[in-house]
Amino acid sequence: MNEFPVILRTLLRNRAAALLTIFQVALTLAVLVNVFASSDGYRAAVGQPMGIAESGLAAVSSEWIDIEGSRAPEGTDADAFHKDRIQRDLELLRGIPGVQQVSVTNGFPLSDAVPVRQMRIKRDDETSFASTFYVGDAEFVRTLGLELLAGRDFSNDEIRWSADPNLSEGAPVAIVSQALADKLFPKGDALNQQVHAGDRLLTIVGIVKRLPGLHPLWSNVELSYVVPGVRAQPLSRYLVRSEGVAIDEIVAAAETALYTAHPQALITVDTQAEIKTRTLSVAMSTVAVLGFVCALLLLVTALGCYGQTTFTVTKRTREIGIRRAIGSTKSQIVSYFLIENWLMTSAGIVVGVLLTYVLNIVLVQGLGATKVTPGMIVPGVLFLWLLGLTSALVPALRASFIAPATATRTA
Amino acid sequence: MLLMSQITKSYTTSTVETRALSSIDLHVRQGEFVALSGPSGSGKTTLLNIAGLLEPTDSGSYHLDGRDVSSLSDRQRSRLRSELIGFIFQGFNLLPDLSVLDNIELPLRLRGVKSAERRARSTKALATVGLSNRASHHPAQLSGGQQQRIAIARAIAGDPKLILADEPTGNLDSAMSEQIMELLREINRAGTTIVMVSHDVEHARRAARRVVIRDGRIQNDSARAVPAIDVAHPMATAMPLAMT
Ligand SMILES: Nc1ncnc2c1ncn2[C@@H]1O[C@H](COP(=O)(O)OP(=O)(O)O)[C@@H](O)[C@H]1O
Ligand SMILES: [Mg+2]
């Protein structure tokens, strides 16, 4: 440690040679921390129910398919046909032992297959909030297990059946998530206010604590609303809440019941948990690729530190011999190179922390990435210090075996 | 100060074994100035390396400053080098990235001397070699003679009992050489034992004791062969024990 100032001065005289290592460490830190930050949302989403009572919830799709491509069987009124079909499905599902509630909806939360509409306070407002748009019946809130904070649930007489995906002639009311209510009305007076949702003017009649939307990693995932109604279309979706019976049994029973009733229909039954996992799997493979890139980068940095130390040790063979001759112990030689490496790594870390924030600002603005926190940087810094020292250790040990006689034997 | 008996040393490369030293008996007393000469390849550097604990011996016994050093660990040998011995090399061997002052202070740093004392000792050593105004220079900014004087300052900064010099004037012109020799004689007069390898016949002749080495053996030792010549030096008149 006595040698510390000498090591620093030597390094400063040879800073050009150290720049590559410094730059490498800086870049590695910046990429590492930012990848960690970017995957932060993913990692948070994996274990999170996001406001719905996920366990005990099944998601059932039933699609009436015609080979000719018509909406309904020949000679029937399409709307009436599908209304009848959906009502019979609901009855079947409600008849399964252990099923508590069943709701018809236009899409499953976090399934990456729900429509999105722009929400504005005035029709020509510049600012709007992209929000997930659900159509649900009077059972929707209870089936999902949403927590109603203010206002009311839908009543049965508000539920209109319509083939129109926007449900234009339905009751002009909506239940919104707290997050959406706060965005639209920051003063907290959202209840009973009117909002423009796409082309419709709706009155907010209820506010639920949370209602997750299109995608777990979407920054607007908490902005959602639901309007009352049922879409009478060939593809219908049901949410099934069970109580007291394992969800797998409900899934199997629902499959059997619906398939028996409509042998020609396309029936898919999943648990809500499976739906979310499937949506995240795309992100998961991206995270895996980024993780692989990080591992490569770390490997290159480790090799860089190893190479840098090996190079200086080789270049300074004679100097090491001189140091040994005038009294340096082996461990003083080892610590010389470890301290030198630590100084370079630390310089890289200082630059790297700045680079991390610069890169993060770009990523936050461009891709909506998570903000980097000191809590993410500190482990990265510790890890890089350790990586540098580990990589420098072998060449440093090798240096300590340079014979003291080298001082007198090389010209 | 330095007592060697029956020292042998060979180097083995993949093809040949070279016997660098055979049956060396040498006794150097505190305060002596010994000039070691002999043809190139005769084993002078090897002898100096062994004396300076830079290399181990194959056989024989070696006592340095009253201590048997043949069984010391690498760490103990390093410590002894730093506390007891000052080295001066033909190629100066200053560290190019360190300032003159850092170079002189290095042995003191290595043995953990505190900064105030370090500074005092190195400044004094620098004054002894007459280069106080060069403290913050780097070796490359100095002439060969100046570099060797800095190397001498480094060697004496730690107050060693023994200075080992391997052809210290080998890379210098005669005027410079004379300066260096005068400096070494001065250091010796102050009590430091010096063993110096020299090619220069003139320099060797002026040393109090001359040892000639050939083919790894001591061919001639002025202290042993003709002790009367060296009456000028009180130490040299004492008969070394190597009577075996
Ligand atoms: N590391 C070594 N490996 C093999 N042979 C060596 C080594 N060092 C010295 N020698 C040999 O030992 C002998 C003595 O060398 P040295 O002590 O350097 O002689 P001098 O200093 O008198 O010129 C020479 O023959 C030399 O070639
Ligand atoms: Mg030699």
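The following questions and answers concern the surroundings of ligand 1 and selected residues of chains A and B in a predicted model.

Residues are numbered from 1 along each chain as its sequence is written, while chains are lettered from A and ligands numbered from 1 in the order in which they are written. In this predicted model local features need pLDDT of at least 70, side-chain atom pairs count only at pLDDT 80 or more, and totals for chains, interfaces and linings use all residues; side-chain values use heavy atoms, with hydrogens and water left out.

Q: Which chains share the site of ligand 1?
A: A residue is near a molecule if one of its heavy atoms lies within 4 Å of it. The residues that surround ligand 1 include A:R409, B:Y11, B:K44 and B:T46. Because the surrounding residues come from both, the site is shared between chains A and B.

Q: What distance separates a polar side-chain atom of A:R409 from an oxygen atom of ligand 1?
A: A polar contact is a pair of N or O atoms within 3.5 Å; within protein, one must be able to donate a hydrogen and the other to accept it, and residues adjacent in sequence count only if both atoms are side-chain atoms. On the chain B side, a backbone N or O atom of B:G43 lies 3.0 Å from a ligand 1 oxygen, and a polar side-chain atom of B:T45 lies 2.7 Å from such an oxygen. For the polar side-chain atom of A:R409, the separation is 2.6 Å.

Q: What percentage of the area that ligand 1 exposes when taken alone does the protein bury?
A: Accessible areas come from the Shrake-Rupley method with a 1.4 Å probe; for residues, only the protein chains shown count as cover. Taken alone, ligand 1 exposes 550 Å², and the part of this buried by the protein is 67%.

Q: Which element supplies the largest share of the shell around ligand 1?
A: Helices (H or I, at least four residues) and strands (E, at least two) are DSSP runs, numbered from the N terminus. Two elements of chain B, strand 2 (17-28) and helix 1 (44-51), each supply at least two residues of the shell. The largest share, 3 residues, comes from helix 1 of chain B.

Q: How many polar residues does the shell around ligand 1 have?
A: Ala, Val, Leu, Ile, Met, Phe, Trp, Tyr, Cys and Pro count as nonpolar, Asp, Glu, Lys and Arg as charged, and the others, Gly among them, as polar. The shell has 3 nonpolar and 2 charged residues, and its polar residues number 7.

Q: Is A:T406 buried or exposed?
A: A:T406 is placed in helix 12 (residues 406-409) of chain A. A polar atom of its side chain lies 2.5 Å from the backbone oxygen of A:A403. Buried means under 20% relative accessible area, exposed over 50%, and partly exposed in between (1.4 Å probe, protein chains only). With a relative accessible area of 14%, A:T406 is buried.

Q: What C-alpha distance separates A:I402 and A:E319?
A: A:I402 occupies the loop between helix 11 (374-400) and helix 12 of chain A. This residue is buried, with a relative accessible area of 14%. A:I402 and A:E319 are 83 residues apart along the chain, and their C-alpha atoms are separated by 9.9 Å.

Q: Is B:D215 buried or exposed?
A: B:D215 is located in the loop between strand 9 (209-214) and strand 10 (217-221) of chain B. The phi of B:D215 is near 50°, a positive value in a residue other than glycine. At 64% relative accessibility, B:D215 counts as exposed.

Q: What C-alpha distance separates B:G86 and B:I163?
A: B:G86 belongs to strand 6 of chain B and is buried, with a relative accessible area of 2%. B:G86 and B:I163 are 77 residues apart along the chain, and the separation of their C-alpha atoms is 4.6 Å.
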